[in-house]
Each structure stands twice: as structure tokens, then as C-alpha cells.
Amino acid sequence: MSTGTERTALLDAVEDFVVAAPAARQAAFAAALKRLSSELDARPTEGVEAIRRAIRRLADPALDYNDAQKLLRLHRRSIAACARDAADAPLRFAILGNVTTTPLAGFVELFLFAGGIEAEFVETEYGAMDQQILDPASALRAARPSFVWLACDRRELTHVPDARDDEAAAARAVDDELFVWVARWKTLHDALGCQIVQNDFTPPPWRTLGNHELRQPGSPARFVRELNRALRANAPEYVTIHDVEWLANRAGHERWEAGRYYHLAKLPCMPDALVDYAHSAASLIAAHRGKAKKCLVLDLDGTLWGGIVAEEGLGGIRLGQGDADSEAFSAFQRYVLALRERGVILAVCSANDDAVARAPFQEHPETVLHMDDFACFVANWNDKATNVRAIAEQLDIGLDAMVFLDDTPAERSLVRRCVPDVVVPEIDGDPLGSIAILERNRFFQVVSLAPEDGRRTEMYRANAERVQARQVAPSLDAFLKSLDMVACIAPIGEGNLQRAAQLINKSNQFNLTGRRRSAAELRAAADEDGWLTLTMSLTDRFGDNGLISALLARADERVLTIDTWVMSCRVLRRGAEEQLMNHLIERARAADFEVLRGEYVPSEKNGMVAELYPKLGFASMSAPTDGVQLFELGLDEGWTPRPTRVREVNA
Amino acid sequence: MRDVLNEVQAVFRDVFGDDELVIGRATSADDLDDWNSIANIGLFVAIERAFGVKLATAEMAQLTRERQTVGDLVDLLERKLAASG
């Protein structure tokens, strides 16, 4: 990955599109595509990184149908011309339902690529949803996709009540319909172990009962509403309900409803809306794969309040009640706070004196955000590209997990060029516009919420304090001892399943094999004899770190192999990994295993654990084969636990 | 008088991503490899936008039947443009 300042004619053309005023957008897009096309013609193997980056930046959910098709064509050409990232097998996804899948699948693939996932669409027979699901010999079953999107709409409902039905009959219809969908989910999941994206349903854009429609138990709109509620209430963790009704509401039912295009070509919505529809579905798959953004980096003057605090003073900045502008900034702060409360990490990156930048959060009577809402606060006179990198380092998160929000065009341009992995959306200084841009791009898509999510900023900040404590502690050991760490090690079970899945799918650095597991797969492993699963939760004197590690090991005769091991980077180098290994070895010895085997699959990001197994006393067995490096530890000889400062308590 | 055929050609060039594409009244789906049912979606979207007209379901259906030519599309557009003044 390139790290220096990026400047090529191609990326300049892309930048022109990104910053273009609405009236100039179409022309700038055409110019950028032309550049991209000639780049592909001229030197398909050079500048691969610039080509990939250009496609990622051009893939905007607001593109119109034909522009998105053109970009998709060039994306396909680039895949043919540039080798794929060999490290990852492409993610396979299928789309079922009575819709034309070709354009939809293409757009999903494009947006997944833009989100950092190489994906491959599994073609299945048009329309034959139930045959595909039920027939063990179907193309769907054979291809074993890891995601199946049931892209259905109301025309595929089979238990629609009569409009004159009473409450009881309408409720039975909802039940009967629900049963059909639950059965499809279960069959699919039992056969494929896949994650399912299930559309909810949108009522027709007409109301034959007029304004009375929702009062009537058997009306189409009422039925769809009750059914959507029932689907959500009954969806198991391997099913994500895709809120298509919201998409239709946002677009407006008249603009959403395909009408002509449905009857002509079985398009589920108007062609232009199809781009955003695909983006929405792709964002769910990407979030499942841990590719949602984690951190929002915020500028202050002009972004979180109006005016410049260093010049206008606390009383001069526009924030709070009084005028429209000030109220809009308050509204934006409330939106940002809500993101924080559900797990997005907040950071500040401001060109200011530190004390001046902090003052509004400490002293302004109407500030919504306070200092403890930020995991990291950087206000100085370094350039923002340097500061953004420093924030990533302090928080120990990847640059590609960050979104940088700044009302100054030059700062955005600088960060886009110098730290190209960070996403930098164009905003215009209207705080409500910033909300719209963040929403439209679905940067922080959510597929499930764990109790830890709300405390993430707190945990990251506590970590920053721990880093400081380490600097003053006389020795590392004394520091670790002073942390007063208590670990609870327990198998994977219902109570920690979601969090374990989240950790496995989000961890990139302390991740020995990079294997991703859905909650459903984890549940299966937890119930199976051949698997041993462990999780570790850790508290220390600064607070509760929550569940910080998960490990899956599979048994094969007398050999126990660690198939998956991830740990939160917040707790690295504190002895937690040694303690978990001590625990595992004791369990393995007690169960009469003779050999404990560790696997390491190198990736771009997990270099930090390349030497983990040797450090834990394992012997390297071989040169890597198929990208897997094997390590072994004999369990029969004398063994003493490695000393740690982590105290273990029983679950 | 608008040169509708020429404007339609510009739309075809844009949608099919081929700046040198030349079409005539007799051109049909048989002559263009990429002109399939999926391409029709993009063509109709672009035609409606370029000419500021709305194609009725029946007109779209008619245009996707076999042996329909660019000439049929041009005639339809000329009729619609004349009707809308």
C-alpha cells in the first residue's frame, strides 16, 4: 500500500469529480472515467493501486444508473487486467427473488470492492427461489455462497389477506406468511451455514382504501407493516433484515416504485434508485465482514460549531439556541453524540492551541459534546495529515477505519492525498448537510449491537490513560502488577456469542489466521464435540475491557489445533495472551492431547503476531504451505505455566 | 427540426461506452452484441433524460420486441416531441 503523497493524472481527475459542484458533477465523472479507461489501456499492470483507489472513490451511492454501469464496466476490466489480491479468496454472494439480478449483483460487487471486499456473484436460476433453496443439487447449494440476499418484494408474498378480513384472520395471515420465510431461512442456513440478508416489504404506492388503509386489518399496507414487525421479531442472528421500506420512504414511493421497469424487466425499483439499493445491501455485507468504519475524526471551527473560537471567543461561536445556524450545529452535535453512544469512536483533529480547542467542551453552556466523549483529542499546529496518522496510532486502529470530517476544502484535499486510506467526504459547512452525507454513505453501518459498543470511546480513552501510566511506571512488570488485571475465561455460549463474532470479524492485527466466522458458525462450533472454544474478558483498575479475546481449537485424534485466535489490540503486551495460552494448555493436557498446534496465516495487517507462537514456546514446523505456517508444542513433557500479572477467576 | 437520429446515436454511444459507434434507422438488436434486455434499461433511462419525455409501459414493451429498429425508436420520439410541442 502506498503511503506517500499521491499525485497522478488519474487521481487528479477523480479529485475533480469528488469536489465538483452539483452542476459540474456529470462532466467531471465522464472525464474521470475517460482517464481511467485510458489508464487501463495504457499500462494495466502499473499503477494498479491508483486504479483501484480511483474506482473506490468514484463508486458513490448517488451515481445515476448509467454512470454506475459505466464504472462497473471499467471495474470489470480492471479486475481482468490487474491481479486480484491473492491473499483473500473472493467472498461469494447470491441473490434470490423474482428480480433481474444482473445489474443489482454488479452494483453490489462494485460497492463491496469500494468497501475493501473482493466479491464474486453466484449466478442462480432466475426466479426459482424455492427450488434453489430446497434442491440439494441446485446451483445455489453447489456454490456455497457465504451470503444469500433474499431480494424479494411484496409480489412474492403468498398469504396476503383479503382487505375485508377481520383482525384475527389478518393476524393468521401474518403468521402463515412469517412461517414461510422462517422456513426458508432455516433451510438455507442448515444447508449452507450462510448469513442471510432478508428484505423487508414495501406497501404498494397506491391505497385503494385511501386514508383509511392502515385502520383496516386486512389492507395491503397494514399486512406489510405487521409482517415486517414479525420478521424482525423472529429473525435469528444469522438473518439481517434489510430495511427496504426505509429506502422507499427516503426516495419517495412514487420515485421508488418500479412500475414500468418491473413489468418490463423485473427491476425491483426505478433504475436510478437501484444504485443506492445495491449500496445499502453491500453495506450490510461489508459490516458483517468488519469493514464498517470505526472512528469519526472531527474538525472543530466550522464543523462542530459556527465561527472560529480562537478569534470570536466562547461567547462568539455559534452553538445552541438562538438562531438557525447555531441550532443546526447543536443538532449536528446531538447526531455525533448518538453515534458515540452506539459505539463509533470520536476523535478531534483541530488546528488550534490545545487549551483554546478544549474550552468550548468544558465551558460552553450549550455544548452537547464534552471532553469525555472523545477517545483522542489532537489540537496543535502540525498539518492534519500528520495528526490523522497520529490519531490512528494512538487509538491503534487502521487508517481505513477512519472518516475525516472538515469544513475546509484544503484540509480535506490534503488528507485525501497524503493519507489516501482515510475516507474524506465532501461537506459544505452546513452541519445538517454533514449528517446527510454521513448517512448517505452508510459509513457506520450496524448489523448488531453489543453492550460493549456504547462504551467503546470510554474503553479507548482508558487505554490512552494506560499508555500514559506505562510511561511513568518504574518498570513494565510493576506497571502490569499495578493494573490489577482480572480475567474470566469461558467457552463461547449464548451470552457472549454476538460479541465473540464481532471480535472475530473485526480484528485484523492480533488475528492469527484471518478466518471470519458468523455468529451462526460459532454457535455450531460451541455445540460440537470436536471443537474447544474460549473467550477471555478482562477488567483492570481503569475499568472493564469487556470480552477481549476469542479462540477456537479443533481436535483431531490427539492433536489440538488452534484454528482461530483473535484479541483486541487494546490489551496487547499485558500478559493476557500468555494467560489464555496457560489456560488452554492446562485444558489440553487434562483432556490427554499430546500436541498443541498453532497456525499463522500472514496478512497485510497481522505482522504483529508473526512471532507469537515462538514467543509462547512453540517450535516452527515447516516453511509456510498454502500460506499457512505451522507451530507445535508437545504437551507430554514437563510444563510450567508462563508467569503473568493476570489473575484468573472462575466464570 | 431536431436531428433525432443523431441525438439517439449520442445516447447509444454513451450507454454502450463506444465513442465510434455508428447506428442508422435500420440498426436492430441483431446488429449490436451488447444490445440486450439489460441494456434496454439503461437506454430507456438515458433516452427519457436526453429528450425530456416519458415512455409509457406499452411503448417500452413495443421497443423491446423482436425486429424493432432504431428507426422505430426515432419515429416514436419524433411523434412524442411533436405532441408535446
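Because the model is predicted, local features require pLDDT of at least 70 and side-chain atom pairs count only at pLDDT 80 or more, whereas totals for chains, interfaces and linings use all residues. Residues are numbered from 1 along each chain as its sequence is written, chains are lettered from A in the order in which they are written, and side-chain values use heavy atoms, with hydrogens and water left out.

**Domains of chain A**

- Chain A is assigned domain 1 (1–67), domain 2 (84–288), domain 3 (295–441) and domain 4 (483–649); the bounds come from an automatic or database domain assignment.
- Between the C-alpha centres of domain 1 and domain 3 of chain A the distance is 27 Å.

**Nonpolar cores**

- A nonpolar core is a set of buried Ala, Val, Leu, Ile, Met, Phe, Trp, Tyr and Cys residues joined through side-chain atoms within 4.5 Å; buried means under 20% relative accessible area, exposed over 50%, and partly exposed in between (1.4 Å probe, protein chains only).
- The largest nonpolar core holds 91 residues, and the members touching the most others are Leu36(A), Leu71(A), Phe93(A), Leu112(A), Tyr277(A), Val8(B) and Phe12(B).
- Helix H13 (residues 271–288) of chain A gives the largest share of this core, 10 residues; helices (H or I, at least four residues) and strands (E, at least two) are DSSP runs, numbered from the N terminus.
- Domain 1 (1–67) and domain 2 (84–288) of chain A each contribute at least three residues to this core.
- A second, separate core has 39 residues, including Ala487(A), Leu512(A), Met536(A) and Ala588(A).
- Beyond its neighbours within four places in sequence, Phe93(A) is in contact (heavy atoms within 4.5 Å) with residues including Val108(A), Leu112(A), Phe121(A), Pro145(A) and Phe147(A).

**Interface of chain B and chain A**

- Contact across the interface involves 20 residues of chain B and 17 residues of chain A.
- The two chains bury about 1,400 Å² between them, 58% of it on carbon and sulfur atoms; buried area is the accessible area (1.4 Å probe) that two parts lose on being put together, summed over both.
- The interface contains four salt bridges, a salt bridge being a side-chain nitrogen of Lys or Arg within 4 Å of a carboxyl oxygen of Asp or Glu.
- Asp272(A) and Arg49(B) form a salt bridge through their side chains (2.4 Å, N to O).
- On the side of chain B that touches chain A, helix H1 (4–16), helix H2 (37–51) and helix H3 (57–63) of chain B each supply at least two residues.
- H2(B) provides the largest share of that side, eight residues.

**Salt bridges in chain A**

- Over all chains, the whole structure has 45 salt bridges.
- Arg52(A) pairs with Glu118(A) in a salt bridge, with the closest N and O atoms 3.1 Å apart.
- Arg52(A) is in helix H3 (residues 48–58) of chain A and Glu118(A) in the loop between helix H5 (101–114) and strand E2 (119–122), so the pair ties together parts 66 residues apart in sequence.
- Arg52(A) is buried at 9% relative accessibility, and Glu118(A) is buried with a relative accessible area of 9%.
- Asp67(A) and Lys70(A) form a salt bridge (3.4 Å, N to O); they lie three residues apart, about one turn, in helix H4 (residues 65–81) of chain A, and both are buried.
- A salt bridge also joins Arg154(A) and Glu257(A), whose closest N and O atoms are 3.2 Å apart.
- Arg154(A) is in the loop between strand E3 (147–150) and helix H8 (167–192) of chain A and Glu257(A) in the loop between helix H11 (253–256) and helix H12 (260–265), so parts 103 residues apart in sequence are tied together.
- Arg154(A) counts as buried at 16% relative accessibility, as does Glu257(A) at 14%.
- Arg515(A), Arg517(A), Arg554(A), Asp563(A) and Glu599(A) are joined into one network by salt bridges that share partners.

**Local packing**

- In helix H18 (residues 409–418) of chain A, the buried residues include Arg412(A), Val415(A) and Cys418(A).
- Gln68(B), in the loop between H3 and helix H4 (70–83) of chain B, is buried at 15% relative accessibility.
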